[in-house]
Amino acid sequence: MDLTLYVWRQKGPDSRGRLEEYRAKNISPDMSFLEMLDVVNEGLIKSGDEPIAFDNDCREGICGMCSQAVNGVPHGPQKKTTICQLHMRHFRDGDTIYIEPWRAKAFPVIKDLIVDRSALDRIMQSGGYVSVHTGGVPDANTVAVPKSDADAAMDAAECIGCGACVAACPNGSAMLFTAAKVAHLAKLPQGQVESSVRVCMMTDAMLNEGFGSCGNHYECQAVCPKGINVQFIAKLNREFIKAQIKK
Amino acid sequence: MILDGKCPSGPLAYKWSKHRQEMKLVNPANKRKFRIIVVGTGLAGSSAAASLGELGYNVEAFCYQDSPRRAHSIAAQGGINAAKNYPNDGDSIFRLFHDTIKGGDFRSREANVYRLAEVSNSIIDQCVAQGVPFARDYAGYLDNRSFGGAQVSRTFYARGQTGQQLLLGAYSALSRQIKAGTVRLHTRTEMLDLVIVDGEAKGVTVRDLVTGAIKTYAADAVCLCTGGYANVFYLSTNAMGNNVTAAYRAYKKGAFFANPCYTQIHPTCIPMTGNHQSKLTLMSESLRNDGRVWVSKIRGDRRPPHEIPEDERDYYLERKYPSFGNLAPRDISSRAAKEVCDEGYGVGASGRGVYLDFADAICRIGEDKIRERYGNLFEMYEKITGEDAYKQPMRMYPAPHYAMGGLWVDYNLQSNLPGLFVLGEANFSDHGANRLGASALMQGLADGYFILPYTIADYLARTKPGKVNTGRPEFIKSMEDSETLTKKLLSINGNKTVNEFHRELGSIMWEHVGMARSTESLTKALNLIPGLREEFWKNVRVTGSEAELNQELEKAGRVADFLEFGELLAIDALHRNESCGGHFRTEYQTADGEAMRDDEKFCYVAAWESKGPGRGPELHKEPLAYENVGLAVRSYK
Ligand SMILES: Cc1cc2nc3c(=O)[nH]c(=O)nc-3n(C[C@H](O)[C@H](O)[C@H](O)COP(=O)(O)OP(=O)(O)OC[C@H]3O[C@@H](n4cnc5c(N)ncnc54)[C@H](O)[C@@H]3O)c2cc1C
Ligand code: FES
């Protein structure tokens, strides 16, 4: 199939960006979206132009590195699918596709489709852990954890940290990202000891990094490639209130 | 030179504890005077950096991605082994050790493997304490599954995302140390060179991938945790950025490269669809617990799978290996798949594929249970192929996956260059000629949490902290060399893209140095690779400039190294006149097509030393002694 692409090109953080038009020709339905861009890039290099810069690494939907909005939707049209796992069989010959970077105040563009998401790392550094040292821990089966809690913790822990939730949110909030970590650890006995401190630290960090607050739009869940549920935001809120009462 | 692995003496079970007693310690007040560089933040690097930071050392950690959480450890699906024996099915440290030695086809060091099995249990304890949400049973205790090459259930897992959860655990420990100020993190930074001062590793030269700036860092020791080199085959299950650059440039600076020919081809990957293919996707080996592998008994059968009656199906793994069946080790399963396809029984449009069928398991335990176990894998399969594996069998084909070979290290994980430590997939140490499933995660975390923190102290305690700084001529030279290389790549301005060269190298490697190798094929590869490399340096086109984010330049540097390393891999494969594990030489096989080792001549680690441009590498040998398991012909029948 042949496609027309409008791709965001921006030389550097301080340059002005613009949408450029490209043709993608002879695209096979078996290609992934990023393989389609590879083909376009090979063409650009051959004709002496600079290829489109975009983040990607695992190309199997787990590292969270890929980050493109397709026709305005982070990770594109297919539900629960990262852009690297989106395949061209979901497009039709003659389609026009708009490709843009994540748009959020806390994610400045570095180049073309690549943004700086280090703010998410800093939220994690503020408290997204159990303060355990290497060694000196009890046998793994000392504490039984109800299967339902372990499963719920895993549901939250599946977050790949891609930032699509932020890009989709009208407020640029990182609430779903933060809530997923808070809920994951609060569901497990190992994480409960620090859960009050954690929720306060992480929420503070989130606000300090320039992320907006949650307005219950739930766009985040709709675009999340792992389908992280917004109920974890409610869990974060409960943990937050509990922490305030304790104070 | 005969190399010494420096394994402690004494009975196997006491070697590590005895060694720990004997190693020197660095006192707490002195620790903060030492600076340690950790390159790579996958399981090995994150766990090492976090543990060293906790101990009070100053750590500089580097990775090429935008966050430590994105290292390719994240992609491991199946699980992690430990000798907990929770299921009470007869597991023990010795059995895990024995399985790993046997799985490695008797080409690994006994003392290392035993230690690995010994610390395996602490890893699970550690990860649970960090909040890793491992799968649990209804009583709330940890669940186990079985994996290829073992007859006990010793694999711990977190749905189909074990690597992700373990890495997020290590990343959380690392994040805590970053906040505490003991670890300084440098993301989007690529190591280009190792700096050696007076024969010892004392720093690195790196490129800031955002600004393009080339900088140097000095330290008291350097740890490389930079992962494996399966991308030398171009198509592999590795991430796009996985490379041999850090390890290879250390090799060029004098570190020995061990057993590069030991590469693992994973039996269950989604078959490729065309030339556009940029990577291959693995479907966890754990699927073989419930999936049955088969092809039609009729050559070139084009009927859809459900129209092929039971008695016209060849469950060839169950037929050839009745006691392990679908759980035969990876090298054996991969070769068996290649054989049936070579003979014309392959399935799918390309004929390069075999079925992995869940119909029986769905009948036996129900679709829900299968969904619970492998839901995300089935989803992934559907996304890539557009097929529903609950309704029709998956199609699978082997793909390059893992590197058993790597930089040579002794029992302390120290290379022949003092001060250089190598951890995780980047070293060669524990898996011999073939790695068993679920033991790479175990090894990466063992190295980082429980081995390096002890052994590095023994080295540091014998040195003076802060001995060198980046003002030394060695650092300035290294930086200039890296700049020159970068400029050279950008100046060629030829007609072929970096990807085209990588793809060509990959097809040489896969055709001639892949699953089955021969003197003829290897000689051919050794003729082709230098020509391709020469062409690369004349005709590659790298767009853009050095002073900016430039992904073509990044790729070009990595492919340039693969073009040299591929040759080293083939040289090693050609010299090893035997078949063992992942290294299969067609001249050396039994009448029924099994690998034939030559213990008389090849029971050693081959460690190659670079002799500089234009000169072949020199071989050093570390003899392997088996004192606790008898050298035996591996049998999974
Ligand atoms: C798809 C897949 C599934 C797997 N499943 C399993 C499984 O179920 N069980 C199991 O035990 N094993 C499994 N493995 C193997 C296992 O995941 C890896 O061997 C292991 O995770 C490697 O960890 P590592 O820390 O050594 O390297 P990696 O996780 O690859 O990390 C490498 C690090 O080095 C950095 N780096 C690399 N080069 C440079 C450079 N030049 N400069 C700076 N930084 C650099 C990267 O940024 C990264 O941080 C699987 C592997 C794959 C590919
Ligand atoms: S590239 Fe890893 S999730 Fe898309």
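Predicted model: local features only at pLDDT ≥ 70, side-chain atom pairs only at ≥ 80, totals over all residues.

**Entry 1: a loop in chain B**

I started with D105(B), which counts as buried because its relative accessibility is 3%, and the cut-off for buried is under 20%.

I then looked up where D105(B) belongs: it lies in the loop between α4 (93–103) and α5 (110–130) of chain B.

Next I moved on to F106(B), which is found in the loop between α4 and α5 of chain B. F106(B) is not a glycine, yet it has a positive phi of about 55°. Is F106(B) buried or exposed? I checked, and F106(B) is buried, with a relative accessible area of 4%.

**Entry 2: helix α7**

How many of the eight residues of helix α7 of chain B are buried? I found that seven of them are, so this helix, residues 245–252, is largely enclosed by the rest of the structure. I wrote down the buried ones for α7(B): T245(B), A246(B), A247(B), Y248(B), R249(B), A250(B) and Y251(B). I also peeked just past the end of α7(B), where G254(B) takes a positive phi of about 115°.

**Entry 3: a glutamine in another loop**

My next stop was Q277(B), in the loop between β11 (263–269) and β12 (292–296) of chain B. I noted that Q277(B) is buried, with a relative accessible area of 10%. What does its side chain meet? I found a polar atom of the Q277(B) side chain 2.8 Å from the backbone nitrogen of T273(B).

**Entry 4: ligand 1**

Where does ligand 1 sit? I found ligand 1 in the largest cavity. Four elements of chain B each give two or more residues to the shell around ligand 1: α3 (43–55), β6 (189–197), β15 (394–403) and α12 (440–460). Which of them gives the most? That is β6(B), with three residues.

I looked up the neighbours as well. There are 37 residues around ligand 1, and those that come nearest are Q65(B), S73(B), M191(B), E425(B) and L441(B). Sorted by class, the shell has 16 nonpolar, 18 polar and three charged residues.

Then I went through some backbone contacts one at a time. A polar backbone atom of G78(B) is 2.9 Å from an oxygen atom of ligand 1. For G79(B), a backbone N or O atom lies 2.9 Å from a nitrogen atom of the ligand. M191(B), already on my list of nearest residues, has a backbone N or O atom 2.8 Å from a nitrogen atom of ligand 1.

**Entry 5: over to chain A**

I counted nine helices and seven strands in its secondary structure. Taken along the principal axes, the C-alpha atoms of chain A fill a box of roughly 60 × 35 × 35 Å. Chain A has 247 residues, and 60% of them count as buried.

Key:
Residues numbered from 1 in each chain as written. Chains lettered and ligands numbered in written order. Heavy atoms only, no water. Near = heavy atom within 4 Å. Polar contact = N/O pair within 3.5 Å; in protein donor to acceptor, adjacent residues only side chain to side chain. 1 Å grid on protein atoms, 1.4 Å probe; cavity = no way out; pocket = protein on both sides within 12 Å on 5 of 7 lines; lining within 4 Å. Sits in = over half its atoms within 2 Å of the grid points. Nonpolar A, V, L, I, M, F, W, Y, C, P; charged D, E, K, R; others polar. Buried < 20%, exposed > 50% of the residue type's maximum accessible area, 1.4 Å probe, protein only.
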